Amino acid sequence: MTTHTNSKPIGILGGTFNPIHHGHLRLALELYERLDLAKVLLIPSAHPPHRAQPSMSSQRRLEMVQAAIVGVEGLCVDDRELRRQCPSYTVDTLKSLREDYPDRSLCLILGLDAFLGLPSWYKWEQLITLAHLIVVRRPDTLEEDQSPTMFDFFKQYQTLNVENLKRKTGGTIWVEEIPMLAISATQIRDLIAAGKKPHYLLPPAVLDIINSHHLVRE
Ligand code: ATP
């Protein structure tokens, strides 16, 4: 990618957010601060191509993300995948964001697992032409399980200079080591279904929405 820019990058964190929890929120906020991002867009997916339809409706998942970020500078929700009728392919989301932000640096946030699984994503090789990839790794993650394909791809695009995230609109891979919280939406759904308390794993406002609509037990 040859386009150069001077403005702060926009982070992009997609997910089913079924429900959104402190793991997602800390990740977004850490990256917002560490990488000096303009903002992080949390993008709930409507029809995830890789997995079953989320148990909670799009509308509720969107509502939960909105409730989770009230008053937190730097975190925003973007509902473009929910407005599309087709599967939530990340490449299409990035194209749509690129139309909205032609000259901005866009940084797609991916866990190491998601990064290594990229070859199964629709038109995955186009992602790096549309945005930077921020690969989030736990500090204790071993590298020996990396696939040769993704290792070559990584070496081709890796940057060791974080300033490149600001200077270019996309086209590089940056690795950020973040100690992820051991929280998953599956764990939260399982706790609630078993009649246990999921408190302290997710924001109280999100739990209120779940409780008021009896979302998980239904
Ligand atoms: P589920 O348990 O239903 O699979 P999840 O908790 O993994 O859900 P997703 O909506 O699938 O949540 O995740 C969206 C994004 O957030 C992914 O990139 C994922 O890697 C990241 N993520 C999920 N949980 C955490 C966590 N505890 N810490 C940091 N990042 C996380």
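1. Two strands are taken to pair if DSSP finds at least two bridges between them, and helices (H or I, at least four residues) and strands (E, at least two) are DSSP runs numbered from the N terminus. On that basis, β4 and strand β5 (residues 132-137) pair in the parallel sense over five bridges, and L108 has L133 in β5 as its bridge partner.

2. This is a predicted model, in which local features need pLDDT of at least 70 and side-chain atom pairs count only at pLDDT 80 or more, whereas totals for chains, interfaces and linings use all residues. Residues are numbered from 1 along each chain as its sequence is written, and side-chain values use heavy atoms, with hydrogens and water left out.

3. β4 also pairs with β1, again in the parallel sense, over three bridges, and G11 stands opposite C107 in β4.

4. A polar side-chain atom of T186 lies 2.5 Å from an oxygen atom of the ligand, while for H21 the corresponding distance is 2.8 Å, and for H24 it is 2.8 Å; a polar contact here is a pair of N or O atoms within 3.5 Å.

Technical notes. Polar contact = N/O pair within 3.5 Å; in protein donor to acceptor, adjacent residues only side chain to side chain.
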